[in-house]
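Hello,

Here is the structure I promised to pass on to you. Please have a look at it first, and then read my notes below.

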Amino acid sequence: MLHTFVAYVEDLPGVLTRVASLFRRLNININSLTVGRSERVGLSRLTLVCEASTEAGDRIRASLYKLENVVDVDDIAKDPAVTRELALIKVAASPSNRSQIFDLVEVFRARIVDLTSESLMIEMTGVESKIEGLIEVLREDDGRILEICRSGKMTMRRGHHTSSVLKAMGAKTEDIADADAESSEIAKESTVIEPE
Amino acid sequence: MGTNANQQASNAHLTTPTRLTGAEIVWATLVGEGVTDVFGYPGGAILPVYDALRKFPIHHVLVRHEQGASHMADGYARASGKVGVAIATSGPGATNLITGIATAMLDSIPIVCITGNVSSKVLGTDAFQEVDITGITLPVTKHNFLVNRTEDIAPALRSAFQIAQSGRPGPVLVDITKDAQQGSAIFDFAAAKPRAYRPHPMLRVEDSGLAHAAELIRNAKRPIILAGHGVSESGAMEQVRTLAERAQIPVALTLLGLGAFPASHSLNMGMMGMHGEAWVNHAIQEADLLIACGMRFDDRVTGSTSTYSLKSKKIHIEVDPAEINKNIKVDVALVGDLREVLEQLLPRIAGRDGSAWIKTIESSKGAVAVRDIKNLSDSGHLYAAHVIHDIWRITGGNAVVVTDVGQHQMWEAQYFHHEHPRTLITSGGLGTMGFALPAAIGAKFACPDKEVWVVAGDGGFQMTAAELSTIVQEGIKINIAIINNGYLGMVRQWQEFFYERNYESTPLISPDFVKLADAHGIQGLAVRTRPEVAGAVEAARSAPGTFLLNFLVEKEESVYPMIPSGSALHEMILRPGHDPLLESPDDK
């Protein structure tokens, strides 16, 4: 089955290797992995999706917790959650056939973020199937898609939820590691989804 | 060895923040963590640390190969329950530590390894003797640190000590760049204290789980306690014993569990698993309840998992949540420190009558149990079992025995009866040949007043025999028994059973071990017949220095019983019809 793990990890060099290495050792392929700043200073939040047996979930979660730099792990599995992915798609488009793509973009509730005489860039946020759908339609014209960049899934539980671990850690501004000015600058840059 | 002045100076560092070099901070932090002995080998990238050693009251043991350093730290930790420390330089020095680190990882042994690395300016440039040791050791350490700032040394080392000992123990490596060792920073021991230990969030001992476990124990007709390494790691010997005695439950031990429950106790059935006695494994297959205490259902213990103890309910008391349902699915998981869990469980356990089940097990032992090796007549052949038995008998079972890996290791487990925890030091998980001699040196430093015996095969002994020089340089006394059968015996046994006796690459030429000892200035004796054994063991014990005994034993003897790898527990290869303790294969 498909497992979705959400983890808070310390924002330090090598932490991602430790997480990835755990899956490597179990010979589990990581379907998607997104990492970025969290609401907590010094902690990154990652969403990791992988295919593994149903029983493997608990063990992977327990093993993730054993990594010193991992603070919290949540196995979202089938619980109600919002999952989104961001895609940037560059397509070949001349002034003569642009309007067709504009229509498509509107139907899929995506948007154009870059436009030149030969190409345009589509930004789309949504569930995986929706993004797949847009790509499929764009592919109907051979050679139209020039580049695709996808973020991988990011997931958040629905409703009011804070893990017992994070709750025990107290207020969200509590320092795990000192944040300096430089890191908060990066935090701004790595904000991926802008409010619409 | 440091002087009193050193002692006073380094004590002052611990209470008053002082500006020190990184190298001094390394030692000052070790002093603060209570370290008195370290095992290591100098080299370019760790030289600043070695240069500062003379100022601190820590004894450094110069090893002959860095693998020896990590095994010594491991042996020190196993014998004492404290953290063992190994030090090496960058590159080959660091990579040589790895076998010892992995050995400690697989057996959950708390050691801290400190390696030097090239200066941070050239890190990642393939500089001379540079290796990515934190990358290489990532899968075989509990955690590791790459430190390239002087001010980070003390916090990293203090965290390393905490991580190594907490929860399920394990090895931690701290890699320190040369410029960090050379730089200076304010050393503030108290401020470098790691954040409070964060227990694994999946540790869970619920009331319902305890109640369920107590109910299973109350209703069980054929229960068995499986006691593992966690019993001694958690210090739960008394609690396990109370549980066994109060509810009259027989106890089976894993290899690393030996000593955690007294061998002489009437409820002790002996070792389980691949070379465990047949009645133990049969009882596990017939049991209706297994109470697994600090053990992990290793494949050497379960045989085929699909046929393992199918009639039983299983209670698993274990500190590592990742072990729950890993190999064997269990009915009740009590995830926490074994001693604490048992203390919660014991008030719910009432006395019960276990006599019928104990009687069934007793009757299944047959003639094997009543046979005492020392009463067997001498056939003119020398068997390893005789040697081990005599060492056990003559030392009164009070020695710390450090084994290597192979046939002799299993014979030790079968014929040396351990009464106390930390008296058998053996590489169970990784099965590291060459472990015995260096680990015994570590054990001797941990317990200088105890009698330490090495029991090794002729193959494994040669892997780390260079450490004989370390023994001489340190002037310590260890008794060494080489069980010399001229083969890589356990591999030969597998070839006999499973590869049509094709003894490929297992016959082994060895040096004359007594002469080898002599070349080191160590006394030795070759023993060829059974009547000589006791005298030789006595001679070794009474000699003032280290003594090596080369026991030339029966060449093609096998360890029985044996569960072939991947077979069910009840599908054992039993001792052949003739008595291998009396007859040799050559007698036919």
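**What turned up**

Apart from its neighbours within four places in sequence, B:Arg348 touches B:Leu210, B:Ala211 and B:Ala214, contact here being C-beta atoms, placed from the backbone, that lie within 7 Å. B:Arg348 and B:Ala211 are 137 residues apart in sequence, yet 7.5 Å apart in space, C-alpha to C-alpha. B:Arg348 sits in the loop between helix H15 (338–345) and helix H16 (355–365) of chain B; helices are DSSP runs of H or I with at least four residues, strands are E runs with at least two, and both are numbered from the N terminus. Because B:Arg348 has 14 C-beta neighbours inside 10 Å, it counts as partly exposed (buried is 20 or more other C-beta atoms within 10 Å, exposed is 12 or fewer, and partly exposed is in between, again with C-beta atoms placed from the backbone).

A word on the basis: this is a predicted model, in which local features need pLDDT of at least 70 and side-chain atom pairs count only at pLDDT 80 or more, while totals for chains, interfaces and linings use all residues. Residues are numbered from 1 along each chain as its sequence is written, and chains are lettered from A and ligands numbered from 1 in the order in which they are written.

Now to the sheets of chain B. One is an open sheet of 6 strands with parallel pairing, in the order S3-S2-S4-S5-S7-S6; strands pair if DSSP finds at least two bridges between them. Strand S3 (59–62) and strand S6 (143–147) of chain B are at the edges with a single partner strand each, so one side of each has no neighbour in the sheet. On average, neighbouring strands are turned by 20° against each other, direction ignored. Within this sheet, strand S2 (residues 37–40) and strand S4 (residues 84–88) of chain B run parallel and are joined by 2 bridges, and B:Gly40 has B:Ile87 as its bridge partner in S4(B). Helix H8 (residues 150–165) of chain B lies across strand S5 (111–117), S6 and strand S7 (172–177), at about 170° to S7(B); angles run from 0 to 180 degrees between N-to-C directions, with axes fitted to C-alpha atoms, for helices over the stretch in contact.

Further along, strand S15 (residues 400–403) of chain B points B:Val400 and B:Val402 one way and B:Val401 and B:Thr403 the other, all of them buried. S15(B) pairs in the parallel sense with strand S17 (residues 452–457) of chain B over 4 bridges, where B:Val401 is partnered by B:Trp453. S15(B) also runs parallel to strand S16 (residues 424–425) of chain B, with 2 bridges, and B:Val402 has B:Ile425 as its bridge partner there. The chain passes from S15(B) through helix H19 (residues 407–415) to S16(B) in a right-handed β-α-β crossover, that is, clockwise from the first strand over the helix to the second when the strands point away from the viewer.

Finally, the two chains: 13 residues of chain A are in contact with 11 residues of chain B. On the side of chain A that touches chain B, helix H1 (15–25) and helix H2 (56–66) of chain A each supply at least two residues, and the largest share, 6 residues, comes from H2(A).

Best wishes
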